[in-house]
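Please look over the sequence and the model below.

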Amino acid sequence: QVQLVESGGGLVQAGGSLRLSCAASGRAFNTYTMGWFRQAPGKEREFVAAISGSGRTTYYYYADSVKGRFTISRDNAKNTVYLQMNSLKPEDTAAYYCAGRPTYCSGYKCYTTSQSYNYWGQGTQVTVSS
């Protein structure tokens with residue numbers, strides 16, 4: 001069983017930055033596909049970013065709404081995945097969730113679909129004021 005714990009959320013003004021962290025327990029974290037999703041009040045959970053597990057090539061995926069502003073990364077030595085969020089907008093306000101999948105993900109749909117992930121954190125709130 002893997003536990004995921006997010007941190008780093010908070011209140012920030014539009015144009016500001018935050019870095020979210022997701023610490024994972026358990027073994028073989030380096031093989032996990034990891035993703036970030038978010039959910040705003042009254043809206044469905046949506047994909048934000050994902051990163052592949054260990055392999056010859058690292059794959060990155062981003063929602064169109066965050067491309068160029070958000071960066072996902074991982075530190076396997078620390079069992080942690082990060083989401084660096086720059087140029088934040090009020091529409092980025094949401095609860096952000098970290099998700100993990102212990103097996104290889106094949107293709108864009110796998111990385112970006114919440115049902116592909118087996119483990120979820122409790123979420124961390126990000127609020128961007130205008």
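**Fold and aromatic pairs**

The chain has one helix and eleven strands, where helices (H or I, at least four residues) and strands (E, at least two) are DSSP runs numbered from the N terminus. This is a predicted model, in which local features need pLDDT of at least 70 and side-chain atom pairs count only at pLDDT 80 or more, while totals for chains, interfaces and linings use all residues. Residues are numbered from 1 along each chain as its sequence is written, and side-chain values use heavy atoms, without hydrogens and water.

From the N terminus on, the order of elements is β-β-β-β-β-β-β-β-β-α-β-β. The C-alpha trace spans about 40 × 25 × 25 Å along its principal axes. Of the 130 residues, 48% count as buried (buried is under 20% relative accessible area, exposed over 50%, partly exposed in between; 1.4 Å probe, protein chains only).

Rings of Phe, Tyr and Trp (its six-membered ring) pair if their centres lie within 6.5 Å; planes under 30 degrees apart count as stacked, over 60 as edge-to-face and the rest as tilted. By this rule there are seven aromatic pairs. One of them joins Phe-37 and Trp-120, tilted at 55° with 5.1 Å centre to centre. Phe-37 lies in strand 4 and Trp-120 in strand 10, so this pair ties together parts 83 residues apart in sequence. Phe-37 is buried, at 1% relative accessible area, whereas Trp-120 is partly exposed, at 28%. Phe-37, Phe-47, Tyr-117 and Trp-120 form one aromatic cluster.
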